[in-house]
Amino acid sequence: MSDSVIRIVSIYPSLLGTYGDGGNVLALSHRARMHGLTTEVAEISPGQAVPRHGDLYVLGGGEDTAQVAAADALRADRGLAQAISNGASLLAICAGYQLIGEEFPDATGTPSPGVGILDIRTDRLPKRAVGELLATPSPNAPAKLTEPLTGYENHAGATHLGPDALPLAQVESGVGNGDVSEGAISGRVVGTYLHGPCLARNPQLADLLLGWVLDRDLEPLVEREVEELRAERLDYVRRSGR
Amino acid sequence: MSRKLRTRVAIRAGKLASATSRIAGKGEGMVVGGRVMLKLAPDAIADLANGRVAALVSATNGKTSTTRLLANAAEQRGPVVTAATGANMTSGVVTTLAAGPPDAMAILEVDEAYLPMVTAATKPQVILLGNLSRDQLDRMNEVAMTARKWRTMLAANPDVTVVANADDPIVTFAAEQAQHVVWVGGGQVWTADSAVCPECGTLLTRDDVQWHCTGCGRKRPETTWELRWDKGAGTAVSKSGLELDLSALQLPGRFNASNATLAVAVCEQLGFDLAESVKRMCEVTAVSGRYAVVDVGATRLRLLLAKNPAGWTELIDVMPPAPAPVIVSINSNAADGRDPSWLWDVPFERLRGRTVIASGDRRRDLAVRLLHADVDHVVIADPYAPDAPLPEQARALDVIDNAATYTAFHELRTRAQREAQP
């Protein structure tokens with residue numbers, strides 16, 4: 001990063017923004033402000049070049065047709081892959097998570113090529129996963145992630161991790177990747193099925209991403225509203241399941 | 001007309017079930033009664049429809065209000081059967097058809113997902129398609145999927161006339177399959193669910209009201225009717241030069257003027273007198289409690305139903321300006337959608353400058369959303385209690401706007417009705 005402004009790039013929010021995904025960008029800016037940091041947000045539309053020099057990229061969820069269109073555009077543009085190999089960070093949610101992998105199913109279930117940034121492959125779950133998702137950070141996840149991850153999932157993807165990707169978390173309640181693991185992490189790339197949006201409900205994850213950009217750990221800061229929501233959701237899921 | 005014996009028996013059983021449900025205090029009993037009827041006579045809808053269904057109305061937002069406007073207009077021809085409560089799935093449709101005079105004209109609101117089934121069974125003269133946007137994604141189809149199902153339905157029903165909103169590209173995609181379409185420029189404020197062409201996935205190009213797809217050439221069709229909205233008042237304008245003043249509509253906002261314009265186009269297809277139709281639409285005040293002023297506990301409220309981002313985007317404009325506080329009640333029961341992620345798609349930033357009282361089962365989700373929108377807020381489980389810690393400005397208002405999701409809205413309405421009884 002340069003000039004102490006964190007450059008956030010929201011990729012194709014018009015295509016990938018079905019489940020309140022804009023909230024993740026808001027949450028990053030909000031947490032950054034709490035830490036005394038400044039952010040600037042670039043929203044990229046399909047057809048526009050993806051900037052190569054962003055610090056933190058965000059991909060949201062979307063419907064099948066939009067997902068294929070986004071994957072095709074990102075492969076042709078190559079900017080995102082280049083930024084990641086230059087050390088930028090990436091958060092990819094749901095359809096965005098699937099499409100940064102090697103392949104994912106299109107609207108008809110046929111495998112469609114992904115962007116190839118994360119070593120995962122996605123096919124179909126036998127039954128759509130819809131409901132609260134609660135997961136505990138994996139032993140291999142960064143040490144800064146200590147609190148349970150909470151959110152909502154709504155997808156039909158079974159995601160299989162290759163040797164170059166590690167699970168982000170272990171499912172306590174819900175489906176996640178479909179094999180008791182949830183999400184994936186590789187270098188500074190995080191993919192997850194948690195929406196809701198994920199960073200507003202999981203400020204530790206927001207701070208982890210911001211910390212990567214700064215190459216340092218951020219002070220743990222808590223907000224009453226967020227802690228009350230987390231406590232309510234954790235209690236709800238542990239009491240009544242999904 | 002003669003109804004099948006099976007249908008007649010089913011109606012009796014259904015009415016009994018409805019009455020039992022009402023006595024037990026479980027609502028109006030339409031759904032329960034309808035379920036019983038359909039169990040006993042699965043083809044009861046077709047039998048009861050019997051060629052008298054003038055119009056079906058479907059949309060993500062505004063279908064209850066539009067149905068009411070249209071039904072009021074249709075009464076110029078005699079009695080009309082229509083659901084007064086927004087019961088719009090097969091169970092509600094069958095109860096509505098069984099309730100009124102057996103040969104009365106029917107104007108029916110239908111849930112988006114149930115429209116193909118109800119169309120096949122009722123063979124309506126006209127179908128009104130208003131808008132499609134994200135709503136209850138945990139249980140409903142994604143938006144493009146619903147449009148594809150409507151396409152299949154219209155290809156299979158070539159005799160029906162469709163009145164469709166040309167400003168919604170997803171609705172246009174669905175309606176273009178019909179043999180007879182009347183296009184209406186009803187407007188579209190929420191465009192996030194029609195950013196890309198539903199056919200080829202290309203980002204749509206928009207220019208003021210026009211839209212087109214550079215991928216497959218699809219574009220906004222030429223309209224027969226348009227809503228002209230100017231300084232808070234609407235006019236329905238036809239291609240032939242007719243202008244109908246909608247400024248006397250009592251239902252507020254641009255979106256209700258749009259609903260009325262679509263309804264006018266249906267009235268024209270049904271051969272109604274259009275001036276008389278508009279006059280009757282202007283008599284509609286509150287629709288199933290929407291915009292009604294009620295007393296709940298210690299508070300006088302205006303009830304606003306706001307259940308998804310598209311609806312919210314339009315509704316913020318009908319609220320009094322800041323700094324007037326508002327109450328927002330968010331639930332996540334099945335009928336609201338279990339997943340309140342959509343709160344992040346609502347432009348709550350536009351409520352800055354006032355205090356929002358966050359209520360409902362998911363008030364904590366709302367509080368986090370408002371925190372991120374820099375909107376001042378207080379979280380109160382029961383803001384209607386006499387000792388509720390309301391901000392002073394809220395106490396000072398004669399009537400406070402209370403926007404609520406579906407089940408929160410109905411809880412408030414029921415509570416107001418109960419408390420109004422001596």
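Is B:Asp295 buried, partly exposed or exposed, and what is its relative accessible area? B:Asp295 is partly exposed, at 36% (buried means under 20% relative accessible area, exposed over 50%, partly exposed in between, with a 1.4 Å probe and protein chains only).

## Basis

This is a predicted model, in which local features need pLDDT of at least 70 and side-chain atom pairs count only at pLDDT 80 or more, while totals for chains, interfaces and linings use all residues. Residues are numbered from 1 along each chain as its sequence is written, chains are lettered from A and ligands numbered from 1 in the order in which they are written, and side-chain values use heavy atoms, with hydrogens and water left out.

## Chain B

Chain B has 14 helices and 17 strands (DSSP runs numbered from the N terminus: helices H or I of at least four residues, strands E of at least two). Its radius of gyration is 22 Å, close to the 22 Å that the globule rule gives for 422 residues, so chain B is as compact as a globular protein of that length (taken over C-alpha atoms; the rule is 2.2 Å times the number of residues to the power 0.38). Of the 422 residues, 59% are buried.

## Interface of chains A and B

Chain B brings 29 residues to the contact and chain A brings 34 (contact means heavy atoms within 4.5 Å). Together the chains bury about 2,700 Å², 55% of it on carbon and sulfur atoms (accessible area, 1.4 Å probe, that two parts lose on being put together, summed over both). B:Glu142, B:Trp344 and B:His372 supply 22% of the area that chain B buries against chain A, more than any other three residues.

Between the two chains there are 3 salt bridges (a side-chain nitrogen of Lys or Arg within 4 Å of a carboxyl oxygen of Asp or Glu). One salt bridge joins B:Arg364 to A:Glu232, at 2.8 Å from N to O. On the side of chain B that touches chain A, helix H7 (143-156) and helix H12 (363-372) are the elements that give two or more residues; H12(B) gives the most, with 7 residues.

## Salt bridges

A network of salt bridges links A:Glu132, A:Arg201, A:Glu232, A:Arg233, B:Arg362, B:Arg364 and B:Asp365. Within it, A:Arg201 pairs with A:Glu132, their closest N and O atoms being 2.8 Å apart. This pair links distant parts of the chain, 69 residues apart: A:Arg201 lies in helix H5 (residues 198-201) and A:Glu132 in strand E7 (residues 120-137) of chain A. A:Arg201 is buried, at 3% relative accessible area, and A:Glu132 is buried, at 2%.

In chain B, B:Asp295 forms a salt bridge with B:Arg300, at 2.8 Å between the closest N and O atoms. B:Arg300 is partly exposed, with a relative accessible area of 43%.
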